[in-house]
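Welcome, and please take a moment to look over the structure below. A short tour of some of its side chains comes after it.

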Amino acid sequence: MNGTEILAVFLVALFSLLMVGVPIAFGLLLVSAVLLLYIGNFTPQLLAQAVVFGANSFTLLAIPFFILAGEIMSAGTISKRIVTFVASLVGHVRGGLGYVVIIASTIFAGLSGSAVADAAALGAILIPMMIQMGYDRATSVALVCASAMIAPIIPPSVPLILYGVSGQASIGRLFMAGIVPGLIIALALMILWYIMAKRNNYPVGKRATIPEILTAFKDSVFALFMPFIIVGGIRFGIFTPTEAGCIAVVYALFISIVVYREMGLHDLKKVFIGTSKTTGQVLLVAAAAMSTAWVVTTAGVPQQVVFALQDLTSTPTILLIVIAVFLILLGMVMDSTPAILIFAPIFMPLIKAAGIDPVYFGIVMVLDLMIGLLTPPVGTVLFVGCGVGNVSLNALVRKLWPFILLEYGVLFLFILIPELVLIPMKWFM
C-alpha cells in the first residue's frame, strides 16, 4: 500500500474533522477508525484496546498529581503570596507590575506545570492590579498570557511529560533541559517589557521598605521552596517524576492546611472536583491520541515521513526549521496535547536519523506548540485571558503579536544555537 496515500488520508481526515468542530478526543478516535479501515485492519476491539493501553501508563499518573497540586495552590493564597513578595522587590521600577507578572509566572511555573493554570491563577490577581495602576487592559492581559508560556517549559511540565511518554524520552532529562530555556524566555520578555515601559511611560509603584520585603518573603518562603524540592528530588534520583507529583500534592496540602491554615474540607471538595474535570479532559484526549499514534505507526506513517524528508537529515538545522514551521501552523488549529502525542512518534525516527538529541527536540517541539496556545482560532490560553481579563479577542490579539513574535524568535534562537539547551542540560544532569 502506498505510504504517501496513507499519510494523505491521515492528514485529510484529521484536519477535516477539526474544521467541522468534532470534539478532539472523538475526532482522534474517528481518525484511527478511518486509518484502520483504509489499511484493512479495522476491528472495534482493536481500537478499544489501543485506547485502554494508551491511558495505562505509570508515567501519565504524574499529570493528575501535578494538576491537583496546581489546583490546591490556586485555591488558596499561595499565588497571591508569591505576587506580593515579587512586587516588594521590583514593584517600584517603571512598569514594575509587568516585571512582577513575568517573575511570578516563572516562579509559579515551578509549581503548576500548566500554562492555563498559570494564566488563570496569576491573571486573576495581577490584571486588576495593573488596570488600577493605569496600565492598558489588553496589554496587561497580553503580558500575563505571554508569560504563562514559561510554565510548560520549566519543570514540572505536563506537556514535557506527554512528550516523554509518546516520544520515549527521559522525563527527568526533559525537566532538567527545560530550566535554562524557561529562564531565557523570561529574560527576553523582560527586555521587551523594558522597551515598552520606557516608550509608553508606564507608571512607577511605591518602593517597599526592608521590613516589608522580609515580611513578604517570610509569608511566601514555603511556596518558593517547592520548585527546589521537585527539581532537586528528580535531579538527585530521590524520586521519579510521577513520585514528584505525589510529593507536590502532599507538600501543597501541608502548607495550605497546616502552615497557612487557609483551606478546609469544603475547599478540598471543590479542588478535587476541579482536578477530576481537568484530569478527565486531559487523559481522555491523551488516551485517544495515544491510540491514534499507535494506528499511525502501524500504518507506517513515520517511515513515510522519514522517506519524504530524508534529504534533510544531513542538515539538522534546516530539518528543525521545516518541522518548526509545520508545528507553528499545526498549533494554530490543534491543541497541544493531541499534537504532542500524535506527532512526537511520527517525527522521532526522523530526529534520530538526523542525529538530533530527542530531549533537545522535545524542548523545541513543546515551546513551538505552546506558543500556539496564544494564537487563534484554537488558543486555550488566549480564551482564558479573555475571560479572566474581561477583554475582547480582537483587542487581545492586537496586543499579543509583539510577545508572540518575540517567543518565536527565542524558539528559532534555540534551533540555531542548540547549545543553549544542550549545555545546561548536561550540566544539570
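## About the model

This is a predicted model, in which local features need pLDDT of at least 70, side-chain atom pairs count only at pLDDT 80 or more, and totals for chains, interfaces and linings use all residues. Residues are numbered from 1 along each chain as its sequence is written, and side-chain values use heavy atoms, with hydrogens and water left out.

## Aromatic pairs

Let us begin with the rings. The structure holds 10 aromatic pairs. Rings of Phe, Tyr and Trp (its six-membered ring) pair if their centres lie within 6.5 Å; planes under 30 degrees apart count as stacked, over 60 as edge-to-face and the rest as tilted. One of these pairs is Tyr135 with Trp193, which is stacked, at 6.2 Å centre to centre and 25° between the planes. Tyr135 lies in the loop between helix 7 (115-132) and helix 8 (137-147) and Trp193 in helix 10, so the pair ties together parts that are 58 residues apart in sequence. Helices (H or I, at least four residues) are DSSP runs, numbered from the N terminus. Tyr135 is buried, at 5% relative accessibility, and Trp193 is buried at 0%. Buried means under 20% relative accessible area, exposed over 50%, and partly exposed in between (1.4 Å probe, protein chains only).

Phe326 and Phe347 have ring centres 5.9 Å apart and planes at 80°, so this pair is edge-to-face. Phe326 belongs to helix 15 (residues 316-333) and Phe347 to helix 16 (residues 336-353), so the pair links parts that are 21 residues apart in sequence. Phe326 is partly exposed at 29%, whereas Phe347 is buried at 6%.

## A charge over a ring, and a serine

The charged end of Arg81 sits over the ring of Tyr260, 3.7 Å from its centre. For this, CZ of Arg (or NZ of Lys) must be within 6 Å of the ring centre and within 35 degrees of the ring normal.

Ser256 is in helix 12 (residues 241-259). Is Ser256 buried or exposed? At 0% relative accessibility, Ser256 is buried. Leaving aside neighbours within four places in sequence, Ser256 is in contact (heavy atoms within 4.5 Å) with Ile72, Ile78, Arg261, Glu262 and Met263.

## A surface patch

Leu187, Ile191, Tyr194 and Ile195 form a nonpolar patch on the surface, with about 400 Å² of accessible area together. Leu187 lies in helix 10 (residues 171-200). Patches are made of residues with over 30% relative accessible area and no salt bridge, with nonpolar side chains (Val, Leu, Ile, Met, Phe, Trp, Tyr) joined within 5 Å. A salt bridge is a side-chain nitrogen of Lys or Arg within 4 Å of a carboxyl oxygen of Asp or Glu. Accessible areas come from the Shrake-Rupley method with a 1.4 Å probe; for residues, only the protein chains shown count as cover.

Notes:
Patches are made of residues with over 30% relative accessible area and no salt bridge: like charges are joined within 9 Å, nonpolar side chains (Val, Leu, Ile, Met, Phe, Trp, Tyr) within 5 Å. Helices (H or I, at least four residues) and strands (E, at least two) are DSSP runs, numbered from the N terminus.
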